Amino acid sequence: MIDIHCHILPGIDDGAADEQVSLAMARQAVAEGITQIVATPHHRNRHWDNPKPSIINMVKTLNQLFEQNQIGLTVLPGQEPRIFGEMADPDSEAELVTVNDNKKYILVEFPTHHVPRYAQQLFFDLQVKGITPVIVHPERNQEIFEHPEILYNFITDGALSQVTASSLIGKEGKKVKKRTLQFIENNLSQFVASDAHNVTARPFHMQEAFIELKKQFGRELPHTFRENAELLINGELVNREEPVEIKEKKFFGIF
Ligand code: FE
């Protein structure tokens, strides 16, 4: 299994505090059946800046550490940039890391409470460059949570999205779990990832998440999602079904 979103690089954001935590996370990942992890440190988030050169170096160092400790886990370069207006500009290429540095997919984080109005045009500009945006944890964005048609529009326009394992198994509450399941059911999300930050408060939960996927959607979907993570790191086209708009029950204004 491949985890496409994880804060396993030590000491550079709110993820692994040091190499010992990175090692503990790696052991937990392997125990859950994960063989490859895309390291996705925060970037241009209010608190942290992790431009490309330092990420590439740290991934190399961490892979050496895992080899020395015979962990059996490979770390791939990646990043979790907070959306910014110049993301598609040529000048930004030196600081951004696409998934596995393949120039085909990039994770994008929205601010917690809203979706910037320029996102639609920016996503278009990225796709013109051949880079597909993957919206991370849409279920944790307040505006998308309240207005899921925003996510539907992005996916219809060619973006992809990744829900978080903890949301899927109910660790973020019932309402978030319900939204997460709706996103998957309506073909608005194509990936589940851990977004693990440590082994205690924010661990992997990937095994549980895939059990939940099977319970909710049957055997096929977990297989498809696993395959999607592999296609993503290889820069190939991922499996995606036609998005369906979420129909909300209207409680007001109909009488
Ligand atoms: Fe993250």
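Which residue lies over the face of Phe145? Arg179 does, at 5.4 Å from the ring centre; a charge counts as sitting over a ring if NZ of Lys or CZ of Arg is within 6 Å of the ring centre and within 35 degrees of the ring normal.

1. Basis. This is a predicted model, in which local features need pLDDT of at least 70 and side-chain atom pairs count only at pLDDT 80 or more, while totals for chains, interfaces and linings use all residues. Residues are numbered from 1 along each chain as its sequence is written, and side-chain values use heavy atoms, with hydrogens and water left out.

2. Iron site. His5 (NE2), His7 (NE2), Glu80 (OE) and Asp195 (OD) are the protein donors of the iron ion, at 2.1 to 2.2 Å from it. Donors are N, O and S atoms within 2.8 Å of the metal (3.2 Å for Na, K and Ca); water is not among the atoms, so sites may look incomplete. Along the chain the donors have the spacing H-x1-H-x72-E-x114-D. His5 lies in strand β1 (residues 2-6) and Asp195 in the loop between β9 (191-193) and α8 (206-217), so this pair ties together parts 190 residues apart in sequence. Helices (H or I, at least four residues) and strands (E, at least two) are DSSP runs, numbered from the N terminus. His5 and Asp195 are both buried, that is, under 20% relative accessible area, where exposed is over 50% and partly exposed is in between (1.4 Å probe, protein chains only).

3. Aromatic rings. Rings of Phe, Tyr and Trp (its six-membered ring) pair if their centres lie within 6.5 Å; planes under 30 degrees apart count as stacked, over 60 as edge-to-face and the rest as tilted. The count comes to three aromatic pairs. Phe110 and Phe123 have ring centres 6.0 Å apart and planes at 25°, so they are stacked. Phe110 is in the loop between β6 (105-108) and α3 (119-128), and Phe123 is in helix α3, 13 residues apart. Both Phe110 and Phe123 are buried. With Phe154 they form one aromatic cluster.

4. Helix α5. In α5 (residues 149-156) the buried residues are Ile150, Leu151, Tyr152, Phe154 and Ile155. Just after α5, Gly158 has a positive phi of about 110°.

5. Strand β9. Phe191 lies in this strand and is buried, with a relative accessible area of 1%. Among the residues it touches are Ile4, Val134, Leu160 and Phe225; contact means heavy atoms within 4.5 Å. The C-alpha atoms of Phe191 and Asp3 are 9.4 Å apart, although 188 residues separate the two along the chain.

Methods:
Lists of a residue's contacts leave out its neighbours within four places in sequence.
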